[in-house]
Amino acid sequence: MTTVTSNELTPEQVRDSKIYTQWGLTEAEYDLIVAELKRLPNFTEAGIFSGMWSEHVSYKKSKPILRKFWSTNERVLQGPGEGAGILDIGDGQAVVFKAESHNHPSFVEPYEGAATGVGGILRDIFSMGAQPIAVLDSLRFGELDDAHTKHIVDGVIAGIAGYGNAIGIPTVGGEISFDNVYAGNPLVNVMAVGLMDQAAMQVGQAKGVGNAIIYVGAKTGRDGINGASFASAEFSTEHESDRSAVQVGDPFLEKLVMDATLKAVREHSDIIVGIQDMGAAGLLSSSSEMAAKAGMGITLDLNKVPQRETHMTPYELMLSESQERMLLVVKRGEEQAILDLFQAADLDAVVIGEVTDNGRYVLSFNDEIVADVPIDFLTHAPKQDLPMAEPKRLAAFTADQYQPELTDVKQTILDLLAQPTIASKASLFRHFDSMVRADTAIKPGGDASLVRVRGTKKALAMTTDVNARYLYLNPRVGAKMAVAEAARNIVATGALPIGITDGLNFGSPDNPEVYYELDQAVAGINDVAKQLNTPIISGNVSLYNETDGQAIYPTPMIGMVGLLDNVDHATTIGFKQAGDAIYVIGATQDSFNGSEIQKMQTGTIDGQLFGFDDAAEMAAQTLVRQAIGQQLVASAHDLAEGGLIVGLLESSFAGHLSFNVNVNLASQYLFAETPSRFVVSVAAENSAAFEALAGGLATRIGDVTTGDDVVVTTTTEEIVLSREAAQKVYQESISWQLKA
Amino acid sequence: MKAAVISFPGSNCDFDMLYALQDFGVDAQIVSAKENDLTGFDAIFLPGGFSYGDYLRTGAIARFSPIMSAVTQAANDGKLIVGICNGFQILTEAGLLPGQLLVNATPGFICDEVPLRIANPQTAFTNAYDPAETMMIPIAHGEGNYFADDATLAKLEENQQVVFRYEENPNGSAHDIAGIMNEQGNVFGMMPHPERAVDAVTGNIDGQNFFKSILSGILARA
């Protein structure tokens with residue numbers, strides 16, 4: 001029988017006041033708990049069920065869909081279910097990666113929300129035994145004409161910089177875009193990539209009766225109490241008190257924890273049974289999930305938990321989301337070596353409990369049992385099969401493609417370059433240390449970033465991508481396009497795409513239309529992932545991205561990693577030399593619904609999304625990879641938002657060279673966003689070999705030039721644009737709009 | 001040549017420096033800031049990072065590390081002491097170099113590659129560079145704005161202690177100062193990161209001559 005800590009509601013008061021509903025438990029779920037325990041849960045027990053059964057921890061609502069993800073192939077060493085997924089990259093090495101969202105905290109407290117997002121995902125990586133080598137950020141904000149959005153942008157950028165720069169893991173890439181639907185629900189998705197020897201692989205399991213549960217890292221405070229439940233509810237502008245659910249980060253402490261954990265893995269892998277970071281639902285979820293995965297029980301003495309505030313209750317200790325904490329399971333009798341190692345790094349390291357064989361989750365506090373529940377029950381929230389319905393808007397969209405209105409094409413191009421989603425984000429990325437560790441071979445600003453694997457010829461390409469406007473118009477095809485574009489980014493460096501992590505950002509799953517979007521997005525991701533042989537090995541779900549009933553666009557961020565065998569073949573987007581021939585790979589079609597030019601000219605997006613041709617996509621990617629592999633290509637850039645003209649200009653700006661092309665299309669097609677296209681440049685001596693390889697897939701449109709002007713001839717006109725003037729607009733637009 | 005790279009809690013460029021030195025064939029090793037003996041080392045490198053989190057003033061806590069008395073001793077013995085970024089900040093806090101690094105003129109961390117000019121080609125840190133050369137060296141700091149009073153600045157100029165200057169001042173540093181040395185010429189600090197510009201894979205090798213300069217100086221002395 002469990003007892004009650006003073007000043008807390010009694011079990012009867014918990015039942016009668018229904019306080020658990022404020023923590024996100026439903027009455028039906030509460031009744032299930034009573035039935036299973038055959039008694040009323042006390043305050044602490046009701047609290048731990050609310051944390052473990054929150055959507056953020058249990059994925060109870062999204063799981064039926066997430067199970068559909070394709071996540072196995074010959075490279076997969078670890079799929080979904082652990083801190084991060086792991087892929088074989090040869091030579092006994094492995095790449096580890098995962099994405100995580102910190103959307104809700106970043107809206108309430110942008111700096112700390114974003115900072116702790118970086119900290120949390122890094123712990124997921126090093127808890128697997130891997131050295132983090134890179135971070136990427138996928139960010140979505142409201143439009144920049146809004147003062148509150150500017151405040152959020154500043155805070156999020158500073159928070160990522162504050163944490164990532166200090167801990168010394170380079171922020172090498174990611175993407176940022178802006179749309180009104182994110183004004184009340186910004187998205188902060190952080191992807192981290194790590195590198196490890198396969199022999200060092202760790203998992204979060206608590207095996208072996210009597211083995212010690214060791215708490216290491218920061219002390220536990222009252223920050224982020226029940227943050228998981230907070231992340232599993234919609235926002236309302238009436239609830240400003242949500243602020244207390246945001247954690248505070250300390251990158252210095254995390255660096256000590258990271259270095260000590262990796263040292264422990266290197267030196268004591270024989271006695272470490274499992275490692276797990278304390279993320280959502282803190283000590284509670286890390287300890288219970290480790291035991292559940294091993295089919296064991298666990299007992300913890302909460303008086304031993306290092307605390308930085310006084311009079312903390314069991315409820316607070318278990319549900320605190322204080323940062324920079326890890327849980328280790330270590331062989332009985334061998335604890336001292338681990339304790340010594342962490343204490344030598346000036347970190348708290350304490351045995352707080354042990355593994356048991358009775359399958360129960362038992363917490364004691366002040367010599368009393370304050371919780372005693374079956375672990376299997378605690379860690380398996382009742383599944384919810386939710387209804388889905390095709391969004392009504394989809395049936396209402398007309399098939400006709402938007403037709404750009406062009407009176408002054410030159411001005412339209414300049415206006416497009418100034419759009420925040422198109423304009424260079426360098427003024428924001430400049431705040432991130434992209435070069436620390438001295439392995440960054442392709443820095444932010446290209447298609448994918450590239451990080452060399454020191455001591456080998458290998459390099460890892462990495463990118464994040466999704467155009468949520470496309471998903472809004474067609475969730476399934478839009479998701480396919482997101483995976484395809486991420487892969488084009490990887491391929492443009494010369495690398496082979498090898499795997500995916502995702503950040504599924506959606507509205508409330510209780511809305512059947514949103515649930516349908518989630519289901520279709522997962523299906524679309526699978527469609528293309530299978531063709532690319534890029535399994536989805538990890539990911540994150542963030543639901544309830546709604547404020548006052550306004551949902552975001554369905555935004556499944558695709559994080560992709562690629563492997564380049566020879567880093568000397570790395571290819572960048574910038575033109576390299578005047579006289580090189582410029583080719584477009586892939587056909588340009590009437591693809592304007594959901595495009596940047598539609599948004600710019602009409603203020604909205606509308607109509608049926610244009611099509612996606614799987615075979616054309618694979619053919620274009622194969623060609624680019626082969627051509628780079630044979631060293632025929634001087635530059636390669638995928639075409640995306642803004643279409644061909646933006647792609648050409650970006651290659652031109654990056655290479656400080658101009659171009660003269662004849663596209664043999666009407667001017668409006670310069671802005672078409674037809675997928676499955678690249679722009680490449682090829683040195684004169686390689687053009688015959690390239691054309692032979694390309695067959696009919698590539699069209700030569702002109703040359704790289706040294707002039708001050710870029711020249712584009714269409715079937716309707718000749719457009720002459722000062723490169724310097726265009727580049728100024730492209731480079732400075734974000735700064736202007738943030739300052740305005 | 002035997003080199004020590006000091007690892008303070010929170011240093012994060014210690015291995016970048018170690019690898020760069022090893023690439024040039026230097027017998028280099030990491031030495032914890034908790035140690036207190038540097039005998040046997042010819043050169044000592046204080047790397048970049050955020051020592052002790054730099055939550056107070058950059059370098060203000062690191063200067064009290066046990067290793068710093070050994071660093072001071074080595075400096076007095078005439079050994080080469082090189083502080084990069086946070087290492088430069090620690091050297092000014094420790095009083096081994098004059099002046100102070102303030103918050104950037106436009107507050108905020110900046111990561112970029114910036115053009116540097118050689119202010120004094122006759123030093124242990126620049127002798128391998130073509131004096132007329134402009135090199136691009138990475139910067140990554142939020143507090144790199146070099147400040148000293150007018151008398152100190154005048155003295156630095158008079159003694160040719162300014163070693164590198166920014167061509168386009170990114171942080172508001174007085175006299176465009178990117179790197180300085182002490183009067184004896186054996187203690188040196190700079191905010192930019194030459195150790196990030198030694199390997200062609202990263203697209204920049206402009207830092208190579210910095211290491212070649214140090215090596216040739218040490219070899220000449222031996």
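**Chat about chain A**

Me: H56(A): buried or exposed?
Reply: H56(A) is buried, because 25 other C-beta atoms lie within 10 Å. Buried means 20 or more other C-beta atoms within 10 Å of the residue's own, exposed means 12 or fewer, and partly exposed is in between; C-beta atoms are placed from the backbone.

Me: And the ground rules?
Reply: This is a predicted model: local features need pLDDT of at least 70, side-chain atom pairs count only at pLDDT 80 or more, and totals for chains, interfaces and linings use all residues. Residues are numbered from 1 along each chain as its sequence is written, while chains are lettered from A and ligands numbered from 1 in the order in which they are written.

Me: Which residues does UniProt list for "active site"?
Reply: The unreviewed UniProt entry lists H56(A) and H102(A). They are spread over 47 residues of sequence but cluster in space, with a largest C-alpha distance of 11.1 Å. UniProt positions use the numbering here, feature names are shortened, and annotations may be inferred rather than shown by experiment.

Me: Where is H56(A) placed?
Reply: H56(A) is in helix 5 (residues 55-58) of chain A. Helices (H or I, at least four residues) and strands (E, at least two) are DSSP runs, numbered from the N terminus.

Me: And where is H102(A)?
Reply: H102(A) is in the loop between strand 3 (93-101) and helix 7 (103-108) of chain A. H102(A) counts as buried because it has 32 C-beta neighbours inside 10 Å.

Me: What does H102(A) touch?
Reply: Residues up to four places away in sequence aside, H102(A) touches G113(A), A114(A), T116(A), G117(A), V188(A) and V190(A). Contact means C-beta atoms, placed from the backbone, within 7 Å.

Me: Switching topic. Which residues does the "binding site" annotation cover?
Reply: In the unreviewed UniProt entry, the annotation covers Y59(A), K98(A), D502(A) and G539(A).

Me: Y59(A) first. Where is its place?
Reply: Y59(A) is in the loop between helix 5 and helix 6 (63-66) of chain A. Y59(A) counts as partly exposed, since it has 18 C-beta neighbours inside 10 Å. Leaving aside neighbours within four places in sequence, Y59(A) is in contact with L66(A) and V541(A).

Me: Where is G539(A) found?
Reply: G539(A) is in strand 18 (residues 536-542) of chain A. G539(A) is buried, because 27 other C-beta atoms lie within 10 Å. Among its contacts beyond four places in sequence is D502(A), which the binding site annotation also covers.

Me: How many residues has the largest nonpolar core?
Reply: The largest nonpolar core has 318 residues, and V483(A) and V624(A) have the most contacts inside it. Helix 20 (residues 475-492) of chain A gives the most to this core, eleven residues. A nonpolar core is a set of buried Ala, Val, Leu, Ile, Met, Phe, Trp, Tyr and Cys residues joined through C-beta atoms within 7 Å.

Me: How many helices and strands does chain A come to?
Reply: Chain A has 26 helices and 28 strands. Its radius of gyration is 26 Å, close to the 27 Å of the globule rule for 740 residues, so chain A is as compact as a globular protein of that length. The radius is taken over C-alpha atoms, and the rule is 2.2 Å times the number of residues to the power 0.38.

Me: What share of chain A is buried?
Reply: Buried residues make up 61% of the 740 in chain A.

Terms used:
Contact = placed C-beta atoms within 7 Å.
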